[in-house]
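Have a look at it first, and then we'll go through a few spots together.

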Amino acid sequence: RMSCTIEQNPQAFLACDESNIAVRCARAFLKETNQTLENQTLSIALTKRIPMMAGLGGGSADGAAVLSGMNRLFETNLSLETLEEIGLRCGADIPFCLRGGTQRAQGIGEKFSPLPAMPDCPIVIIKPRFGVSTKDAFHRCDTAPYPHADVDKMIHALHSGKIEAIAASLENTFQALCSENELKMLSEAKQLLNQNGSLGTLLSGSGSALFGIFRDDDAACRCLEKLNAHPLLENTFLCRPTIHGAYGNLSLIS
């Protein structure tokens, strides 16, 4: 038997069934490892802090955490690669959320080439008061021509280790596929970060969240303070790069 407790934003709705990536991953893990719960209950407590329809991979991160946690709970000792194979069947972004770090992802996002770590720096994320459906965003990719990002330029910038070079190399294909109304709102939100010290600002994933890279904590905190209650924004976050995904983070817990 499986139960799921979800604490969430009042505006969000999350079902505790196959439409929830965490539940799909749990069931996929049990099937792959031939685990039977018998008269026991597997409980998943899910606290949603990452906004939905933001392009921040919140659902995929949940699924990755569930796979890593169950691997430890059931003492199955599955490798990262095996967990990635299970996760891929539940969502294309789950393998990266398991692996983490700085990677060049190819295929549908499951083939990784390690890149130099992102230099430690503060990152401000803002979520405008609208969302973008990931499904709709990928449908646009299938039905409309779009420019390809200059991946080699970003790889070169990462090897340089310079924040300014990385900030100058930011590109996101999804931005060119946004509707006219979405572009207008994103442009207004992007301006907020640029006007408050961001070295480079970009749409995160398929959107609608944007992130800005900052040189130091003081600049990032000043920006966050100014934007924290801005009427255009639903959420603001202060973050830093990490070299670990869910698999590595869980293995650090004693």
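## Starting at I94

I94 counts as buried, at 0% relative accessibility (buried means under 20% relative accessible area, exposed over 50%, partly exposed in between, with a 1.4 Å probe and protein chains only). You'll find I94 in helix α4, residues 94-99; helices here are DSSP runs of H or I with at least four residues, numbered from the N terminus. Bear in mind that this is a predicted model, where local features need pLDDT of at least 70, side-chain atom pairs count only at pLDDT 80 or more, and totals for chains, interfaces and linings use all residues. Residues are numbered from 1 along each chain as its sequence is written, and side-chain values use heavy atoms, with hydrogens and water left out.

What does I94 touch, leaving aside its neighbours within four places in sequence? It is in contact (heavy atoms within 4.5 Å) with I21, C25, S60, G63, A64, L67 and G87. Take G63: 31 residues separate it from I94 in sequence, yet C-alpha to C-alpha they are 6.6 Å apart in space.

## One face of α3

G87, one of those contacts of I94, belongs to helix α3 (residues 80-88), whose buried residues are L80, L83, E84, I86 and G87. Looking down the axis of α3, these buried residues fall within an arc of 160°, so they line one face of the helix. That arc is taken from the directions from the helix axis to the C-beta atoms.

## Cysteines without partners

How many disulfides are there? Zero, counting a disulfide as a pair of cysteine sulfur atoms within 2.5 Å. For C90, the nearest cysteine sulfur is that of C25, 4.0 Å away. C90 is buried, with a relative accessible area of 10%.

For C239, the nearest cysteine sulfur belongs to C121, 11 Å away. C239 is partly exposed, at 27% relative accessible area.

Technical notes
Helices (H or I, at least four residues) and strands (E, at least two) are DSSP runs, numbered from the N terminus.
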